[in-house]
Amino acid sequence: MLSRFKIGTRLALAFGLVSLFLLGTLIAGIMGITFTKDTAQKTLDTEVALASNAAEIQRLALQARRFEKDIFINIDSSDRVAAYQQSWAATIEEIQAAFQAGSQIADKDSLNALYQQAGSALQEYEEGFLSVYRKIELGSITETSQANLAFGEHKESIYQLEELADEISLVAVEGVKTANEAINAEYRLAIWQLCIFAGGALLMALALAIAITRSIVLPLRRAVEVAKRV
């Protein structure tokens, strides 16, 4: 069949077919890398960001509790109480900002529900603390033990907030694991695609090389045999 074409045409056809397979290899590689990059970027933008957000909420919750205790311990110093209260209020604002940032990142209804529950727990904690703080300001609570006793019924809300932050972190970690499995699957698929196209290009090149060589050599042999007979 190849003998019908000129040698230049045969070589051009072989080069075109091999180039086509190499182009397929290139496309498969680019697609594999792109899918893997997109999955990794999505993981960074969602699951990793959520885990970081949850850790920040936990840190701020501990900080708020520290300022809360500092206020109760220094209850006999109005200046220190006022300073610690300002720090506590600033921390509460940071927690609220962290909630807002996390809610914007969350891409699942379950996560949004956790953030809403955490927001409610924070509000309950804030209201409970402020009620005790007003009593301190008015002088009806003058001792640390009294403040701790008065605030005891509101402590559950801050514990709930920390537990919800743990749940958010666990959901984010599971998302990272799932994304990691997807990245590994996409990586393996990309490797297989590259191997298939590269192997196809190699086999095609070998087959064409043999076919073209035979289409050139065999006629030459016949011509040489004819020449010898003459």
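Predicted model: local features only at pLDDT ≥ 70, side-chain atom pairs only at ≥ 80, totals over all residues.

**Fold and core**

Mentor: Starting at the N terminus, the chain's elements run α-α-α-α-α. Residues are numbered from 1 along each chain as its sequence is written, and side-chain values use heavy atoms, without hydrogens and water.

Trainee: How many of the 230 residues are buried, as a percentage?
Mentor: 31% of them, with buried meaning under 20% relative accessible area (1.4 Å probe, protein chains only).

Trainee: And which residues have the most contacts inside the largest nonpolar core?
Mentor: Phe72, Phe99, Tyr125, Ile136 and Leu161, in a core of 37 residues. Such a core is a set of buried Ala, Val, Leu, Ile, Met, Phe, Trp, Tyr and Cys residues joined through side-chain atoms within 4.5 Å.

Trainee: Which helix gives the most to this core?
Mentor: H3, with 11 residues.

Trainee: What does Phe99 touch?
Mentor: Beyond neighbours within four places in sequence, Phe99 contacts Ile57, Tyr115, Ala118, Gly119, Leu122 and Leu161; contact means heavy atoms within 4.5 Å.

Trainee: Switching topic, at what angle do H2 and H3 pack?
Mentor: About 165°, with axes 10 Å apart. Axes are lines fitted to C-alpha atoms, for helices over the stretch in contact, and angles run from 0 to 180 degrees between N-to-C directions.

Trainee: So parallel or antiparallel?
Mentor: H2 and H3 are therefore roughly antiparallel, the term for angles over 145 degrees.

Key: Helix = DSSP H or I, 4+ residues; strand = E, 2+ residues; numbered from the N terminus. Buried < 20%, exposed > 50% of the residue type's maximum accessible area, 1.4 Å probe, protein only. Parallel < 35°, antiparallel > 145°, perpendicular 65-115°, else oblique.
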